[in-house]
Every structure is written in structure tokens, then in C-alpha cells.
Amino acid sequence: MSAVAGHALSLQRVSKRYGDFVAVQDASLEVASGQFLTLLGPSGSGKTTILMMIAGFVEPTEGRVLLDGRDITALPPERRDFGMVFQGYALFPHMTVAENVAFPLRVRKLGRAERDAKVRAALDLVQLDRFAERKPSQLSGGQQQRVALARALVFDPALLLLDEPLSALDKKLRAELQEELKALHRRVGRTFINVTHDQEEALSLSDEIAILNHGHLIQVGAPETLYERPATRFVADFLGKSNFIEGEAEADAGGFVLRRGAARVVASGAPRAGRTLLSLRPEKIALLPEGATEDNVVEGRIASWSYVGTGYALTVMTPDLGNIRVHLPAWRIPVSPAEGLPVRLGWARDAAVAVAEDPGSPVPGGVA
Amino acid sequence: MTPKGRHAAGWWALIIPALLLMTAFYIAPILQVLAISVTEPQPGLGNYERLFTSESVQRVIGTTLRIGVITTAIALLLGYVLAYRIAMSGPKAQRWWLLAVLVPLWISVLVRAFAWVTLLRRQGLVNQGLLATGVIDQPLALVWNELGIVIGMVHYMVPYAVLPMLSSMREIDPRVLTAARGLGAGRIRTFLRVFLPLSLPGLIAAGVLVFIFSLGFYITPALLGGGKTLMVAEWIKLQILDLIRWGLGAMMATVLVVAILATLAVLSRLVNLRRLFGAGS
């Protein structure tokens with residue numbers, strides 16, 4: 001498999017409705033050639049529907065799907081030439097590993113010699129050459145996953161679509177295969193579009209993440225951008241954890257200051273005024289030792305704490321800002337945590353970012 | 001014997017009463033009847049010689065096999081289409097379809113045979129309808145011949161064909177079909193290369209079931225054959241009850257039993273029969 005350049009895909013104002021139910025609402029997305037894009041969202045967010053529209057299994061109610069500028073909205077799935085790894089792999093149980101991998105070539109009527117060579121190359125690529133004559137049921141979950149990958153890549157597809165490719169695996173294997181998937185993407189240089197609800201997987205694999213909620217595409221960007229500068233409350237909350245502080249903002253020298261009751265919180269960034277929601281990551285807050293100071297200092301008491309291996313997770317009850325979650329590396333904690341212990345929390349002014357409330361916010365009892 | 005083995009043997013002992021009952025009241029009389037085939041009218045294999053010498057015996061066997069094969073083929077084809085349709089419909093529609101398939105099973109085979117006679121005879125609904133619309137000008141001979149037997153038997157067999165095929169189709173993961181299309185196979189190729197091979201065990205099971213039923217079928221051929229086309233079961237009844245040739249009847253019964261066992265034996269080499277008929281997996 002030579003490193004042919006991938007293909008670019010774009011969704012233009014795509015919607016999908018089933019009767020009254022809106023699965024995807026007005027989503028536009030550009031996936032550049034060779035990119036690894038992940039559609040991330042909770043279940044029912046419309047991420048799988050978008051993938052199925054790209055694959056051609058679901059026809060959009062509105063909007064267009066373009067591949068390298070060519071409209072493919074009406075093309076049936078078998079004529080799109082996209083490789084696809086399905087949830088649960090969907091290997092053909094009556095065929096051997098080699099026959100599974102040969103399937104896309106067979107339906108494309110390739111000659112036997114060429115077919116065999118390609119199958120061998122694809123199995124080599126996923127290090128399964130020794131298992132060619134086994135049936136899928138004789139393989140482990142991780143091996144089946146690799147067969148599914150080989151089968152999806154063997155015919156040099158324009159795009160590789162992955163529907164929750166790692167969700168059926170246990171945690172350790174998942175981490176291992178994440179590495180492999182990433183390496184594979186680098187090696188084949190193709191455009192990958194992945195669907196997952198696992199934020200860690202999305203962060204570690206992707207060049208770009210598109211976050212969805214309730215059928216809305218909320219933010220698209222590089223993992224760092226999304227994590228550091230979430231656009232909305234949902235993004236901040238879904239990608240990692242976050243504290244939220246709401247108050248009235250007014251501009252000051254270094255950005256703006258947020259007032260909430262008696263408390264003042266300074267933050268950097270574009271000056272703003274009026275009602276503002278701040279997102280503050282738990283790991284960006286420090287427990288200040290005696291005498292130390294920070295841009296923002298808040299006093300409180302530890303309401304609860306737990307040891308999570310990589311550090312301590314604390315919930316600190318503050319009179320001014322309510323409960324604040326703090327995550328500290330174990331070696332950075334100046335006190336030994338105990339419930340009721342008075343502590344001083346501190347964070348720099350560039351630690352918090354202003355986020356918007358979400359469009360189509362969760363309606364109570366709404367779509368799941 | 002390991003403790004586990006002894007344990008298992010203990011459980012097996014529970015079926016001994018049922019086994020004894022079956023042996024005393026079912027298997028023993030059958031063996032006795034079968035034994036008649038080598039004792040009447042005189043001891044020896046004289047009755048079996050007829051298999052090779054008597055043209056009428058050969059004709060009956062030929063007819064039975066021919067009707068059995070034709071019935072099985074048609075019932076499998078219709079049943080497959082029906083099972084496919086059912087397997088592809090939603091859970092609610094599936095219940096209605098299944099009910100429609102099963103209802104005929106609750107109606108006596110006798111009633112159904114007579115119903116076919118009224119439909120298919122010369123003055124029957126089908127012929128009158130066709131005559132009235134001018135499609136034909138002479139009534140068709142639809143009943144009291146092989147055609148009538150096949151129609152009646154296919155009607156009886158279709159549910160038996162549908163059930164094993166449906167259970168086999170239901171085991172097919174629908175994602176596998178989606179995968180086939182996603183990988184470039186059109187609808188027809190997806191069916192031929194993926195769905196059909198995966199439903200093959202059900203198809204074979206249904207084939208065996210229907211064929212074995214067809215071989216020993218009695219009421220439908222007797223009523224719809226009109227006494228002109230003889231199948232094995234009716235021929236046996238004729239020998240034993242009308243012609244009082246017990247030896248010959250018992251010989252044919254033995255042949256029937258052996259043929260069925262042989263079919264099963266050959267098949268069990270090809271496929272896992274226990275799995276086919278739903279016993280464990």
C-alpha cells in the first residue's frame with residue numbers, strides 16, 4: 001500500500017430528520033486530505049448518523065456530501081469506495097481471515113494474483129499474516145479488530161470510516177490499539193474519520209475533533225484547542241472535567257474581571273462585559289501553601305476527597321464560588337487531605353476561559 | 001470414573017423410565033412389524049427381492065422420490081422467500097407474519113386436503129375462474145394427479161421449511177450485511193456471497209425436514225392423488241389393509257425407515273445436525 005494522498009470530504013449544511021426527531025441539525029464540516037478526524041459525542045448526539053451519511057447508508061434530509069468537490073450525496077454505499085470498520089467489526093463468520101480481507105477485492109473483480117498480493121500486504125500491515133487461514137471466531141477481539149482494519153484498507157479506499165472501532169475491547173488493549181491505529185494512519189497517509197464517545201480516545205488519536213451534542217455540531221478543532229479553549233459549556237464538560245463560574249464581567253487591564261457576590265475572579269482574554277460563564281479545569285488549580293499567593297485566591301474547606309492513583313481529586317466547598325473540583329498530582333499537595341480541612345485555592349488569570357451556553361441545550365426529557 | 005463423570009451418569013439415569021416406556025410400547029412393536037418383512041409369507045429375503053424384480057414396487061419408489069424432491073424444492077424456494085421477508089421486517093410485523101405462517105399448521109391436514117380438492121377440481125374455483133375470464137377453454141387437470149399431490153404437499157410443508165430457515169436467518173448479524181455493502185458489494189452480491197452462505201445451515205435443515213416428511217406422507221397424497229398416483233405410505237396401507245400382504249408392506253416400511261436414517265446419516269457427515277435442529281450450539 002503506497003502512501004497515496006487521501007481525499008478531502010466536506011459536509012455542507014447536512015440535516016437528518018426522522019419524522020419529528022432531529023438526528024442531525026445543519027452540520028457543516030471540512031475534512032482535509034490525510035487528516036484524522038474524530039466525531040465525538042455522547043450516545044444519541046448524531047455522530048453515528050453523520051458517519052452513516054458519509055458512508056451512504058443514511059440519506060440526508062437536507063444538505064450535500066462532497067468528496068474532493070464532487071457531489072456524492074445520492075451515491076449508494078457500495079459505489080463510494082470508502083473503507084469501513086464497523087462497530088463489533090462485522091467480520092464474515094463463514095470466511096477465513098484471508099477471505100474476509102479478499103472480499104472487497106473479489107467484488108471489485110481483481111485478478112487472483114493481484115488479489116493474493118494485496119491480501120498478503122494488508123495482513124502484513126496489521127501483523128496478522130500468520131492467521132490468514134483462521135476463522136474470525138478463532139481470533140481474539142484485538143485480532144478481529146485488526147482483520148477489520150485490513151479488510152477496510154485492502155482496496156486503497158478514498159476514506160477510512162471507523163465506527164467506534166475500539167469500544168468492544170478492554171481498557172488495556174484499547175490503549176494498545178489506539179497506538180497502532182495512530183501509527184497506521186501515519187503509515188497509510190489516508191483520510192480517517194472516526195466515531196467515538198470516548199474523549200480520551202478522541203484526544204489521543206485525532207488531528208481534529210468535531211464535538212456533537214443533540215444533533216448539533218458544536219465545535220471543530222485540534223484536540224489542544226478544544227481542550228484549552230472550549231467554545232461552550234458542553235465542550236468544556238464533555239472533554240475532560242471543568243468547574244463553571246458564572247457572574248457579571250467587566251473589562252480590566254489584563255482581560256476582564258468577573259464578579260460573583262463578594263468574589264472577584266480575574267481572567268485574561270478578550271475584554272468582555274455582561275453575564276459570563278467561566279470554565280476552569282480542575283488540574284489548573286493549586287492548593288496554596290502558607291504565604292504563597294496567585295492571581296486568584298479563594299478560601300474554602302475540603303468537602304470530600306479521593307485518591308485516584310495519578311493524584312488526588314478534591315471537592316472544595318467555598319463560601320464565595322460554591323463547590324470547586326480540584327485535581328492535584330500527589331506530590332504537589334502541601335497538606336494531607338481531610339474532610340473539613342481549611343485550604344486556600346489559587347489559579348493564574350489565564351487558567352480560566354469564557355465559554356458560551358449551548359445551542360439546543362438539553363431539554364428535560366428531550367431527545368436521548 | 002471421575003466424580004464429574006459419576007455425576008453425569010446419575011443424571012442420565014433419570015431418562016431410564018422414559019426409555020423403558022418407549023422401548024416397550026413403541027420401539028418393540030415397530031421392530032416386530034419390521035421383522036414381518038423377513039418372515040411372511042415365508043422366511044427369507046423374498047420380499048426384498050421385489051425391490052429389484054417388481055416393476056410396480058420400483059414405480060412406487062420412483063414416484064415417491066420424484067414427488068419428494070419436487071415438493072422439497074418448491075417448498076424450500078417459497079419458504080426461503082417467505083423467511084427472508086420475515087427476517088427483514090420489524091419485530092412487530094414479524095409476529096404477524098409468523099402467525100400467518102403458523103395458522104395453517106393448526107388446521108387439520110384432512111380439512112386442508114379437502115379444501116384443495118374443492119379449489120382444484122374440474123368444477124372448482126380455480127378452473128371456473130380461469131374459464132370465466134377466458135384464459136382457458138377446457139378445465140385443467142389440477143387434482144387427482146401428481147400436480148395435485150405436489151400442490152397439497154407444498155402447502156403443508158412450507159411452514160416446516162420456513163421455521164428452521166427463519167431461525168438461521170435471525171442469527172445473521174445485520175451489521176455483516178451492512179459491512180458487505182460498505183465494502184463495495186451491491187445488494188445482489190451481498191445476498192449471494194454473505195446472506196445465502198450464512199443461511200445455508202437453515203436451508204439444509206429445512207430441506208432434510210421437508211424431504212423426510214414428504215417420503216412418508218399419507219393423507220394428502222391419498223386424497224389429492226385420487227388413487228391413481230401411489231406414494232409409498234399409501235402403497236403400504238394398500239398392501240397391509242386391502243391386500244393383506246403384510247410381508248410386502250412391512251418390507252416397504254423397512255425400506256422407508258432405512259432411507260430416512262440413511263439420509264440423516266449422510267447429512268450428519270456434512271453438517272452438524274444437532275445444531276441444525278436447535279439442540280445446543
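## Close-up views of a two-chain predicted model

**Salt bridges across the structure.** A search of the whole structure finds 20 salt bridges over all chains, a salt bridge being a side-chain nitrogen of Lys or Arg within 4 Å of a carboxyl oxygen of Asp or Glu. This is a predicted model, in which local features need pLDDT of at least 70 and side-chain atom pairs count only at pLDDT 80 or more, while totals for chains, interfaces and linings use all residues. Residues are numbered from 1 along each chain as its sequence is written, chains are lettered from A and ligands numbered from 1 in the order in which they are written, and side-chain values use heavy atoms, with hydrogens and water left out.

**View 1. A salt bridge between two strands of chain A.** A:Arg17 and A:Glu62 form a salt bridge in which the closest N and O atoms are 2.7 Å apart. A:Arg17 belongs to strand β1 (residues 9-18) of chain A and A:Glu62 to strand β4 (residues 62-67) of chain A, so the pair ties together parts that are 45 residues apart in sequence. Helices (H or I, at least four residues) and strands (E, at least two) are DSSP runs, numbered from the N terminus.

**View 2. A positive phi in a loop of chain A.** Although A:Asp81 is not a glycine, its phi is positive, at about 65°. The loop that holds A:Asp81 runs between β5 (70-71) and β6 (82-85) of chain A.

**View 3. The packing of helices α2 and α3 in chain A.** Helix α2 (residues 97-107) of chain A packs against helix α3 (residues 112-125) of chain A at an angle of about 125°, and their axes are 9 Å apart; axes are lines fitted to C-alpha atoms, for helices over the stretch in contact, and angles run from 0 to 180 degrees between N-to-C directions. The two helices α2(A) and α3(A) are therefore oblique to each other, given that angles under 35 degrees count as roughly parallel, over 145 as roughly antiparallel, 65 to 115 as roughly perpendicular and the rest as oblique. By class, the contact of α2(A) with α3(A) has 8 nonpolar, no polar and 3 charged residues, where Ala, Val, Leu, Ile, Met, Phe, Trp, Tyr, Cys and Pro count as nonpolar, Asp, Glu, Lys and Arg as charged, and the others, Gly among them, as polar.

**View 4. The interface of chain A with chain B.** The contact takes 24 residues from chain A and 17 residues from chain B. Between them, chain A and chain B bury about 1700 Å², 67% of it on carbon and sulfur atoms; buried area is the accessible area (1.4 Å probe) that two parts lose on being put together, summed over both. In chain A, the residues that lose the most area to chain B are A:Glu78, A:His94 and A:Val107, together 30% of what that side buries. The count between chain A and chain B is 1 salt bridge, and the side chains of B:Arg181 and A:Glu78 meet in a salt bridge at 2.6 Å, N to O.

**View 5. A cis peptide bond in chain B.** The secondary structure of chain B comes to 14 helices and 0 strands. From B:Glu40 to B:Pro41 the peptide bond is cis, with omega near -15°, and B:Pro41 is placed in the loop between α2 (16-39) and α3 (46-53) of chain B.

**View 6. Helix α8 of chain B and two packing partners.** Helix α6 (residues 109-120) of chain B and helix α8 (residues 146-170) of chain B pack at an angle of about 135°, with their axes 10 Å apart, and α6(B) and α8(B) are therefore oblique to each other. Their contact includes B:Trp116 of α6(B) and B:His155 and B:Tyr156 of α8(B). Helix α8(B) also packs with helix α10 (residues 187-215) of chain B, at an angle of about 145° and with axes 8 Å apart. Residues that make this contact include B:Met157 and B:Tyr160 of α8(B) and B:Phe195 and B:Leu198 of α10(B), and by class the contact of α8(B) with α10(B) has 16 nonpolar, 4 polar and no charged residues.

Terms used: Contact means heavy atoms within 4.5 Å.
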